[in-house]
Every structure is written in structure tokens, then in C-alpha cells.
Amino acid sequence: MGANKSIETIVSYLPMPLRSHMMQISAEVKERINEVRVRANRPVVLETKERKYFLNKEGSVTSDINLGGVYVSDFVEIQNIVKALSRFSLHSCERELTQGYFTIENGIRVGIGGVYSESETSRLKYINSLNFRISREVKGSADGLYKSLFSHSVPSVLVCGGVNSGKTTLLRDLCRLTGNEYKTALIDERNEISAVVNGKATNDVGIHTDILCGCSRETGIINAVRSLSPQIIICDEIGDERDADAIVRAKGCGAEFISTIHIFDYEALNRRYISKKLLEHNVFDYAVILEGEHSPGKVREIRRLRQ
């Protein structure tokens, strides 16, 4: 899915005149945008891998805010965008407002910033900033890794990397590949991999893949083992001991795992409590360590974890 298509999706949630200005951005700039940040009483920022741009009126962009003419969003505009994101039914989006993000078509994640309620500390009361983060479906990005690791058997694989290292993009393509051959259960807690809209996946995650989204990783893993008899379970961003415990239990039931974790190198994998626990229980056969944000999706090292 190209960034131009994702920008069209983002634009569909914007009110006028912001929508009009965004539509006029050149196709070349749109293709490079990774994030669109809209903040109350501040300039609209378009982030690419190389730099940050400010949106000018009439659809041009500039990297120099001092040139003037930049488009400044306001509080009312933010509220109108939130209404569109909630499909004009905020009360039906309690989960999103509690978690601090929406997920829309094409797997675009919209992060929310603002003031939390004093009486309900987990819920945002006033929203004053939005970050549209573009998710790219890059078919073929995991082909080499899949051929290397899955040609003779079905191993469990842990993909390791930092922020913007391409973990989720790689995992999405691995899901497509395994899901076209094996019974696969995708635990998509944040709906970033499958991009389910109105119950239907908008990303290709494989013809044999069952999707469980909107639930915790722990709940999804347990339910998948109980009812879906998967050969492979896929989940993004192992985060806490409950995730690790659920993975260990499911592994004991015969499921293989493909997961990601926020870790930069093999040494950190052995230091962090959660990953160390998974290694001690021999859950994963391989650790795939990515280069980092300067080379998203590029594999630095494949480490065999057990013989």
C-alpha cells in the first residue's frame, strides 16, 4: 500500500480547509511522508525519513518555519477530526480514548495527545494533538527471511529491533507468507498488522490466517490455542510477563511463534527479564536482529537460539 493511498485515507478524516491544503501536496512528497502531526494552535507537521516539513497554505511545504504562511491548526479542528475518527459516536470509542489511539484504514495508527480526566485517570478528557502514523504494507519484504528459515521446517522466530526499525512491517509480511501455507493465528492487539475495518482485514495477512484483534495478547494467545488449533501464532511487541507466560503455555501446546520485541541486540536479549525468560523456556529457535531506524527492515544478524 503506497503512502499516496494512505494520505488519501488521512485526508478523508480532515475538515476543510486543512483537507484542501493536504490534497494539493505533490505526489512526490506524499510518497515520502511517514507521519502527519496535527496540534492545536501549532503548525501542521509532515515527517519523512529525511526531515520534517511544515504545511503551507495552498498545499506547498517548507522546512523553514520562518518563511511564514504555514498552516496552523486549532482546537476546533482537532475536535472535528476526532469526531470523524469516531464516526461521530465518541461514546462507542471508549477503548480507543482509554488506550490513546485509533486505528483506521490501511493500518494507519492515530495517536492522541491531551489532558486526562482527573476522575478517570486512564481516559483523555481534552484532545489537543493527533499523530497519523502511516503503516506500509511491503509485500516481499520478508521473502528472503522466509526462504532462509522456513524452507525445511516451521521454527519459532523472535524479531528484535528498536523504534522505526521495520519490525511490524516485516512481521506483517511474514504473516502473509505463513498464512498462505499454515494455519496461522494473528493476535493483532493494536490492529496494526491486519488493519481490520468493519470486521474485515484491509491488509493481506494470508488465506489461512485467523485474526483476533481488539483483545490483549495474553487473551488472544490463550483463545487461539483453545479454539483455533493454529500451527503458528503471530503477535507484535511482547511487552510484559503476562505475554511471556501465555507464550510459554501455548508453546507447550505445540504452537510455534513469530513475535517481535523492542530490543536492539543479542546482549540485551539476554539481559531483559521478559526475553530472558522466553530463552530459558526454549520458546524461540531464531532471533532476527534488525539494523535500526536508518535501514528499516534490514536484517543485521540471525542468531540460532537452540539446536
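## A tour of pockets, a helix and cavities

The largest pocket has a volume of about 1,100 Å³. Bear in mind that this is a predicted model.

**Stop 1: the largest pocket.** Select Asn34, Arg133, Asn164, Ser165 and Gly166. Of the 36 lining residues, these lie nearest the centre of the pocket. Now colour helix H3 (27-32), E1, strand E2 (45-48) and helix H7 (167-179); each gives two or more residues to the lining. H7 gives the most, with five residues. By class, the lining holds 17 charged, 14 polar and five nonpolar residues.

**Stop 2: the second largest pocket.** Its volume is about 450 Å³. Select Glu96, Thr103, Asn191, Val196 and Val197, which are the closest to its centre among 21 lining residues. Then show helix H5 (94-99), E5 and strand E10 (196-197), each of which supplies at least two lining residues. E5 has the largest share, four residues. This lining divides into nine nonpolar, six polar and six charged residues.

**Stop 3: helix H4.** Select residues 75-85 to see H4. Which of its residues are buried? They are Glu77, Ile78, Ile81, Val82, Ala84 and Leu85. Look down the helix axis: the buried residues fall within an arc of 160°, so they line one face of H4. An α-helix has 3.6 residues a turn, so residues three or four places apart point the same way.

Next, show what covers that buried set. The cover includes helix H2 (18-23) and strands E1 (33-39), E5 (101-104), E6 (108-116) and E7 (124-133). Go to the start of H4. There, a side-chain oxygen of Asp74 comes to within 3.3 Å of the backbone nitrogen of Val76. After H4 comes Arg87, with a positive phi near 55°.

**Stop 4: the cavities.** How many cavities of 30 Å³ or more does the whole structure hold? A search finds two. Select its lining: Ile187, Asp188, Glu189, Arg190, Glu192, Ile193, Arg217 and Asp236. Six of these are charged, two are nonpolar and none is polar.

The second largest cavity has a volume of about 30 Å³. Select Glu137, Val138, Lys139, Thr169, Arg172, Asp173, Arg176 and Asp204 to show its lining.

**Stop 5: Lys277.** Select Lys277 in helix H11 (residues 273-280). Is Lys277 buried or exposed? Lys277 is buried, because its relative accessible area is 15%, and buried means under 20%. Leaving aside neighbours within four places in sequence, Lys277 is in contact with Glu241, Ala244 and Asp245.

Terms used
Residues are numbered from 1 along each chain as its sequence is written. This is a predicted model: local features need pLDDT of at least 70, side-chain atom pairs count only at pLDDT 80 or more; totals for chains, interfaces and linings use all residues. Side-chain values use heavy atoms; hydrogens and water are left out. Buried means under 20% relative accessible area, exposed over 50%, partly exposed in between (1.4 Å probe, protein chains only). The arc is that of the directions from the helix axis to the C-beta atoms. Contact means heavy atoms within 4.5 Å. A polar contact is a pair of N or O atoms within 3.5 Å; within protein, one must be able to donate a hydrogen and the other to accept it, and residues adjacent in sequence count only if both atoms are side-chain atoms. On a 1 Å grid over the protein atoms alone, a cavity is a set of points where a 1.4 Å probe fits but cannot get out, and a pocket is an open set with protein on both sides within 12 Å along at least five of seven lines; lining residues have an atom within 4 Å of a point. Grid points are joined across faces, edges and corners, and a volume is the space filled by probe spheres set on the points. Ala, Val, Leu, Ile, Met, Phe, Trp, Tyr, Cys and Pro count as nonpolar, Asp, Glu, Lys and Arg as charged, and the others, Gly among them, as polar.
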